[in-house]
Amino acid sequence: MTRRLNWWLAACIVIIGIPYYWFLLDPGPDGTHPKPVTMAQLRMLADTAEGPRPSQVRVERIGHRDITRNALVAGWGLRPVRTAIRSYELVVPGGKPIVIDAGTTRAAAREFDVKDFDQSAQDRVNGALSKAGRVVLLAEGPLRDGGRKVKWAAATASIAVAPYPLAPGVVVVPTPGLGPRAKMVYVRLRGGHEFLFTGPAANVGESLRSLRPPSRLAARNEVPGYRTESKAWLTTINVLQRTAPHMTIVTAYDFADVKHAAKRFSD
């Protein structure tokens, strides 16, 4: 009886345990190296364009989704975690605002099971979009493009691979290995405070603490080498933050309020 039980337990480990580890727990490839992006480079590019830098970052939280932790960070667990859908406004004194991510629509919110969809918040985002000087999407998708796929796709048709200045104090850092037109945005405000909007390069704070990419089950299979690229960018962000310890890291989905940013877009 004992031998039969042992065989049964061993079979369960092989049939269930190994696939479970492979698809949900495996931490990803070892030996990844940070990308050749430095704080000195970002700060230099931020100073390239002449004109007023943004004076403030403002945030609208449009809704949230509950996502299984392993889908965000391999091995983090099966319990769901609340994740935020946000849009960001860079207030430019005497100039047009810059909007990072355009929010979503009520129809897309229903399709993707967004909870607490805030139409008033999205209306304020839409108002900022109508007068924005620049609009940057950190990644493609209906929860970021505000329902304006054609407009933003046309505006971001060219695919860069190296960081480049977008506006005074604002630098775009392409992360093409994480998806079509995926990117981070570095911002240095007029007062000197720095922000890094990670987009898909870091899903949540736990991504950076553990240096673990999303689980293999949740990884983007249509993007070759996605998990290797994800781990490389997580390492890169950690290096950048060690160089600039006071910089505010804004991950893709963390639900907590964004430090050093104001709630609600400006009127």
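How many residues does helix 5 have, and how far does it reach from its first C-alpha to its last? In this predicted model, helix 5 spans residues 119–131, which gives 13 residues. The helix reaches 19 Å from its first C-alpha to its last, close to the 18 Å expected at 1.5 Å a residue.

**Helix 5**

- The buried residues in helix 5 are Ala121, Gln122, Val125, Ala128 and Leu129.
- Viewed down the axis of helix 5, these buried residues fall within an arc of 115°, so they line one face of the helix.
- An α-helix has 3.6 residues a turn, so residues three or four places apart point the same way.
- At the start of the helix, Asp118 places a side-chain oxygen within 3.0 Å of the backbone nitrogen of Ser120.

**Strand 6 and its burial**

- Strand 6 covers residues 170–174, and five of its five residues are buried, so the strand is largely enclosed by the rest of the structure.
- In a regular strand the side chains alternate between the two faces of the sheet.
- In strand 6, Val170, Val172 and Pro174 point one way, while Val171 and Val173 point the other way, and all are buried.

**Pairing of strand 6**

- Strand 5 (residues 164–167) runs antiparallel to strand 6, and three bridges join the two.
- Across this pairing, Val171 of strand 6 has Pro165 standing opposite.
- The hairpin of strand 5 and strand 6 has two residues between the strands, and Gly169 in this hairpin takes a positive phi near 80°.
- Strand 7 (residues 183–188) is also antiparallel to strand 6, and five bridges join this pair.
- Val187 in strand 7 is the bridge partner of Val170.

- Asp101 is not a glycine, yet its phi is positive, at about 65°.
- Asp101 lies in the loop between strand 3 (98–100) and helix 4 (106–111).
- With a relative accessible area of 2%, Asp101 is buried.
- Leu211, likewise a residue other than glycine, has a positive phi near 55°.
- The loop that holds Leu211 runs between helix 7 (205–210) and helix 8 (226–243).
- Leu211 is partly exposed, with a relative accessible area of 30%, whereas Asp101 is buried.

Key. Residues numbered from 1 in each chain as written. Predicted model: local features only at pLDDT ≥ 70, side-chain atom pairs only at ≥ 80, totals over all residues. Heavy atoms only, no water. Helix = DSSP H or I, 4+ residues; strand = E, 2+ residues; numbered from the N terminus. Buried < 20%, exposed > 50% of the residue type's maximum accessible area, 1.4 Å probe, protein only. Expected span 1.5 Å × (residues − 1). Arc of directions from axis to C-beta. Polar contact = N/O pair within 3.5 Å; in protein donor to acceptor, adjacent residues only side chain to side chain. Pairing = 2+ DSSP bridges.
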